[in-house]
Amino acid sequence: MIDNASIESLKNSIDIVDVIGSFIELRKAGANYKANCPFHGEKTPSFVVSPSKQIYHCFGCGVGGDSIKFVMELEKLSYPEAIEKLASMHNFSLTYTKGSSDYSDAKRVLEAVGQWYVKNLNHNETAMKYLLGRGISQNSIETFEIGYVPSGQEVMQFLQRALLPLPQAAEAGIIAPSENGSGYYARLVERITFPIYSTSGSLVGFGGRTITNHPAKYINSPQTKLFNKSQLLYGYHLAKESIYKNKKIIVCEGYLDVVMFHQAGFKEAVAGMGTALTPEHLPLLRKGDPKVVLAYDGDKAGVAAALKAAQMLSVAGFDGGVVLFPDGQDPADLIAKGESETVAKLLRNAKPLIPFVLEMIVSMYNLNDPRAKEAAFGAVKQYLDTLSQIIKDAYIPMAATLLGISPSLFGKGANPARAKESFTQKKDDLEQLCILKTLIEHPSLVDNVLSVMDIDMFGPYAGLFTALINGEHAHPGLVGLSIDENVKVMDERELNSALIKILTIYYRNKLQGIPRDTAIPSDKKAFLLKKIKLDILPRLKKGELVAFDSLK
């Protein structure tokens, strides 16, 4: 069982923007952050994260809560599992009142096995010869904690000697159950290992490169509670300081490329885990708002990966460029040959993302064939339509030149006025919402408002007012209102002024409605009309709040 004090300490040490930003892409919007809601499909961001209140809320589907609630809902975890997931993400050590947990045991296994892998490397001549032959220095080997895993039998023997529980080793991805159910086998065998860390520096898995000509040159740890390769970038924990400082991140293809980039002084380098960049990587790439340079091999696979990544990044609004290394060489090869300056020049002259995508799309078609040219135009237009109107308009001339057509075929030019959406709200509604938000922030004022206003006076927001006075603080509407930057918190003078305005409108409407109300006796109507005309409205005009009971 997790100690409550430990949970509170974790809560105080994490920031909801960092937590949610590790799963989805957040964009600054005033004092808050916005995103497309991960819990329901939408094209216009209605998911808001408030750093000051450490909560999130979706104005579309109504979900909301704190960091723990977000991880629970998104990852489908129980409360303790979400706590442990967050602790692992942020390299936080939880304490337990009794026993331990799968998370803590898996982390302990990973750390012990990782140290053992490192020790093994010095005793394997073949592995060391390969690394040194690729130009990797001893210092880089130590910095990146490169290791070696021997035979499966030796792995199992080590786990037993170190008293590491096999089920937890399987949870960590070190071993896996045999198909016949009779035991376990080691996942990484006779491979050079590259430990993979979370962004906060917590060991979560391993990548392994074969040195025995296994058909699978590289394999990674399997997906576990700790390791999700689609949300991680190899080397990021070492690169992030340089990324934030230099506002640049170099994304390459392999572990050795990252090691050699760092060795040559390009310390912003990271790599995917054997998979192409995916939308799940965008939140991590967005941190620090760097330019993204894709540094890929110039072979067919590298070009295809670069095109896919450049298109995804440009559509997501990233700035950056693409470098394709020539003659079938990769960055590690060039750096090992002492050609670091050539690499630096290539990086400086990276092709910007959008021109790269346009050129690559056009190059796929024979423009001498009218039908192929038409297909090329359709593909280019489809891509440009995914960009913002202003960016699209800026690149239409280039696209037209590449295709050899008139820019007019792409339609009207950019209209900056359409680049932004404008949201308006009825002034009366906004004042009611301001009153409600003020009462959320200052609950001591609720009684003052109740003395002059009836619940029905809040019209469409009567339900919110009812929830507020009933103390339903977790009500989605109230949570959303509390972080809505369009609604201000008023001081007491502004609150009184807003109340007077709303009450004046309410009683004027009553003046028009009472004569038509057949449920009110004639003598009662005369009394009420006189009360409103000669007493309530004059007092409101003088700035005096009138108790609601005075109408009865």
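Q: In this predicted model, which residues is Asn228 in contact with, leaving aside its neighbours within four places in sequence?

A: Asn228 is in contact with Gln223 and Glu280, once neighbours within four places in sequence are left aside. The place of Asn228 is in the loop between strand S11 (218-220) and helix H10.

Q: Is Asn228 buried or exposed?

A: The term buried is kept for residues under 20% relative accessible area. Asn228, in its loop between S11 and H10, has a relative accessibility of 14%, and therefore counts as buried.

Q: Where does Met490 lie, and what is it in contact with beyond its neighbours within four places in sequence?

A: Met490 lies in the loop between helix H22 (476-482) and helix H23 (492-513), and its contacts beyond those neighbours are Cys434, Ile435, Thr438, Leu495 and Ala498. With a relative accessibility of 10%, Met490 counts as buried. For a sense of distance across the model, the C-alpha atoms of Met490 and Pro290 are separated by 38 Å, the two residues being 200 residues apart along the chain.

Q: How should I read a whole helix in this way, and how many of the 11 residues of helix H16 are buried?

A: The reading goes residue by residue and then over the element. In helix H16 (residues 353-363) nine of the 11 residues are buried, so this helix is largely enclosed by the rest of the structure. The buried residues are Leu353, Ile354, Pro355, Phe356, Val357, Leu358, Met360, Ile361 and Val362.

Q: Which elements do the buried residues of H16 pack against?

A: They pack against strands S14 (291-297), S15 (320-325) and S16 (351-352), and against helices H13 (300-315), H17 (370-384) and H18 (389-403).

Q: How do S14 and S15 run, parallel or antiparallel?

A: Strands of a sheet pair through backbone hydrogen bonds, and the pairing may be either parallel or antiparallel. S14 and S15 run parallel and are joined by six bridges, and among the paired residues Val293 has Gly321 in S15 as its bridge partner.

Q: In what order do the five strands of the open sheet stand?

A: The order is S1-S2-S3-S4-S5, and the pairing is antiparallel. S1 and strand S5 (64-65) stand at the edges with a single partner strand each, so one side of each is left without a neighbour in the sheet. Within this sheet, strand S3 (residues 47-50) and strand S4 (residues 55-58) pair in the antiparallel sense over four bridges, and Phe47 stands opposite Cys58 in S4.

Q: Which residues have a positive phi although they are not glycine?

A: Most residues other than glycine have a negative phi. Asn91 has a positive phi of about 55 degrees; its place is in the loop between H4 and helix H5 (102-121), and it is partly exposed, with a relative accessible area of 36%. Glu145 also has a positive phi of about 55 degrees; its place is in the loop between helix H7 (138-143) and strand S6 (147-149), and at 35% relative accessibility it counts as partly exposed.

Q: How much space lies in the second largest pocket, and which residues are closest to its centre?

A: Rolling a probe the size of a water molecule over the atoms shows where empty space is left. About 680 Å³ of space lies in the second largest pocket. Of the 33 residues that line this pocket, Asp18, Gly21, Ser22, Thr199 and Lys287 are the closest to its centre. Two or more lining residues come from each of helix H2 (16-21), strand S1 (27-29), helix H4 (79-89), helix H10 (236-246) and helix H12 (282-286). By class, the lining has 14 nonpolar, nine polar and 10 charged residues.

Conventions. Residues are numbered from 1 along each chain as its sequence is written. This is a predicted model: local features need pLDDT of at least 70, side-chain atom pairs count only at pLDDT 80 or more; totals for chains, interfaces and linings use all residues. Side-chain values use heavy atoms; hydrogens and water are left out. Buried means under 20% relative accessible area, exposed over 50%, partly exposed in between (1.4 Å probe, protein chains only). Contact means heavy atoms within 4.5 Å. On a 1 Å grid over the protein atoms alone, a cavity is a set of points where a 1.4 Å probe fits but cannot get out, and a pocket is an open set with protein on both sides within 12 Å along at least five of seven lines; lining residues have an atom within 4 Å of a point. Grid points are joined across faces, edges and corners, and a volume is the space filled by probe spheres set on the points. Ala, Val, Leu, Ile, Met, Phe, Trp, Tyr, Cys and Pro count as nonpolar, Asp, Glu, Lys and Arg as charged, and the others, Gly among them, as polar. Two strands pair if DSSP finds at least two bridges between them.
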